[in-house]
Amino acid sequence: MSTRQTGAVPTVTPLRIAGDTHVGKVRENNEDSLVVDPAIGLLAVFDGMGGANAGDIASQTARDFVRTFVTARRGTLAPKPLLEGAILGACAAVYEAGMRQKELHGMGTTAVACLVVDSKHVVIGHVGDSRAYLLRGGRLQALTKDHTIVEELVQRGLLNAEEAERHPYKNILSRNLGSRPDTRVDLLELTLEAGDRLLLCSDGLYGYASAEAIQYILGSGDAPEHVARDLIELALRGGGGDNVTTIIVEAAAPARTSTQVVRTSGATAWWQMRGRFMQAAKERGLAGNPIVRGLPPDEALELVGSSLCQAVFHDLEKSTGVNVWTFAQNLAGGWFEQGGDWGSVRGMIDILGMSARTVVEEIRVQDASLGFLLDVAVSRALVVAELALGGLLAERLRKMDTDLIEISTALHETLDGGMTAGSGAAGRRGEIDAPAASDSQDGEGGGQFVDRATIPFMRLERAVTSSDVSVDLLDAIKKTITIASARLPPRGSDLVKQILGSVESIATEGSGNFATAVLAARELYGTRSVDESGVMPLFDALEQARVLVASSVQQIQTTDANRARCLRAVSSAHQRLVGATTGLVLEAVAPISEKLREAQAVTSELRSQVATAERRRADLERRFATTIDPSAPWGSRGSTEW
Amino acid sequence: MADYSTEGELTESVRVLRDEVLDTVEHGDRDPPGAEVFDALLRALSIGGESVPGLDLALHDAVSRRLAWGDTEEALLADAELVFDRLMIAVERAFRDPTDQMVVVEAATLVAVTVARVVSLAAVARASRDRAARLREELAQRQLHDVLGKQKQVISRLETDTDFSDLSDDQG
């Protein structure tokens, strides 16, 4: 179901404006609201928050107030106080609406708004973590600083950027509209230059798309309405875990954008130099690469060199990367299918890359500015090729990972089967309490895991949710975990994601969750070194998952009582997983202590042997000396050497 | 129970549950098992769950003390788990307002993760000490092997000499 809303695309003023919003892939409601009103020169994004539909009410209340306020006072107030007054008034309006209805209590919204003064001047105001960006000269810069706890700690020098990125409270707002009757608005006056592009967006965009990708699309030269839509597509491809809203403002275009220059003159210059490219590739030994071994050199050159040349040309012409991407995928994919090695692909891409640079350098000699633009464009094409190769390698790794998981699952099922067959599920408690008896029955192999309670302090009968758990509760648990997973950053959070999945399994399984918790903990623990650097990341991830779950449960649409039940179940499951994981740490530590005890026993045995030998030596020495000359004093009866 | 307007009031209401959660009647004047976990929970509630380092330090101190008295890490974790379970039951019964329940459950989970982290740190530190001690034991074993080797050579020579002496004696 598409829930996209599109703002009006105005035709007035030299500014071109467009806006778009989308519910995303995870949420059911779109709590974002936007204003694109060229008649009064107002553009704004609001990102609402609060349970029970309060988020969309908050953002809509703020949107309506700001629009009405600006319409009424556009001619009487100066732009800056006008925008500030509108946002402060919206804050009071949301707060009052929240106070009037108990279920809306505590709702709030972010705001980032742009008031167009004239074709060259705008005022931007913001509260919260919705952002404004400026693209100038191909470079993207943030115009706003998020009003989050973590960002303020960074501003005060208490956290660095890297710590901030991993901080569990990075999404907690320090300012918003509605939680209090008033707030502080950050305001900025900006003078636009020809070709500038402004982007207003909610965190659903930058949370799921990298700054590089946003810069690339914003600078593509496409019409603002296409850019607004493409940015949303980008966020959806990045996971789409949140509502996403974008507004694009484009200042009067300069004579010709760099993209247009590359599309026409650059592509033509490249194509005219294709013969030089082929020659450079030949000189660098393209025909000798193992991928084309067996082909006549000219055919090899034609097959690979000419194909890349065409792909780059088409990508330059259309400002895309799809042709080079496809080329790299076909080249490496077929080779890997035959069991080919990575080194040959790497070598081939290097030859092609260096040959392309040779061509670009020669174009630069003839036309420096065109050469510069072409250099950037060709470099981008080569990065695309590298990305395609990276994707192929990742796919191979994923397949291997899937195979390993299947093997592991089959192994666990075999073990569980052995456990059930041994004495039945009902007898599991007794089995673990009486390991000796079970050992004698099951022998070695599959029975080992079952018979030894590796995590002895965990009580088996403990239920996280009861067996008659309601559908509502199960649904709430699943939604909480889905939201928590969606709020993870796209990279570097695999462990937290895995933890969230495990917590969901344990929480929804009901009473029989001992084995699930232990198996999940084993998956998490994997093969870690038994030291601080090996174990602590696990607990950091568990803590991060806890914080995520606690905040995500507030966002699900359900009754307060069900929300509390959901948090209890999920927290119990989390605690169970934490307990099992700690048990595994203790299990990993145990052999080290055991080996120390063994070493101490060996040392003790050796000391005893040395003492025995010493007694024997003394005895023999006495006998020897007595035998040789009984009358001689002890000291002169002979000696032994050590 | 009413909706608690301040963290202090909520903390006091949880404190009331201490006897029930820790089963203090069973243990008389002594600190019942898991008391350090319950105290940490009260601390977490009173600070609004904002300061993890403080909680960490206090728990680290309490856990170290119990380990020094000879309790095992497993016993500590078992106590923590028991406290968590009893608390979940007590909270559901004692707090009518779901928001209050959620605040306590969230704090209890924070404490559970912190206890696990502190116990794991203690176990890992112990493992590191044990590794070093084992190295020392192995060095001592190498020296003892050398001594034992030399002793055996001397004993062997002495046995030969003594046998020879015994033989000459017999012949004489």
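**A surface patch and a helical chain**

In this predicted model, A:Leu397, A:Met400, A:Leu404 and A:Ile407 make a nonpolar surface patch of about 440 Å². Such a patch takes residues with over 30% relative accessible area and no salt bridge, joining like charges within 9 Å and nonpolar side chains (Val, Leu, Ile, Met, Phe, Trp, Tyr) within 5 Å; a salt bridge is a side-chain nitrogen of Lys or Arg within 4 Å of a carboxyl oxygen of Asp or Glu. Areas follow the Shrake-Rupley method with a 1.4 Å probe, and for residues only the protein chains shown count as cover.

A:Leu397 lies in helix H13 (residues 368-423) of chain A; helices (H or I, at least four residues) and strands (E, at least two) are DSSP runs, numbered from the N terminus. With a relative accessible area of 57%, A:Leu397 is exposed, a class that begins over 50%, whereas buried means under 20% and partly exposed lies in between.

Chain B has six helices and zero strands. Of its 172 residues, 45% are buried. Among contacts (heavy atoms within 4.5 Å) in chain B with a separation of 6 or more, 71% join residues 24 or more positions apart.

In helix H3 (residues 35-46) of chain B, nine of the 12 residues are buried, among them B:Phe38 and B:Leu41.

Residues are numbered from 1 along each chain as its sequence is written, and chains are lettered from A and ligands numbered from 1 in the order written. Local features need pLDDT of at least 70 and side-chain atom pairs count only at pLDDT 80 or more, while totals for chains, interfaces and linings use all residues; side-chain values use heavy atoms, leaving out hydrogens and water.

Notes:
Buried means under 20% relative accessible area, exposed over 50%, partly exposed in between (1.4 Å probe, protein chains only).
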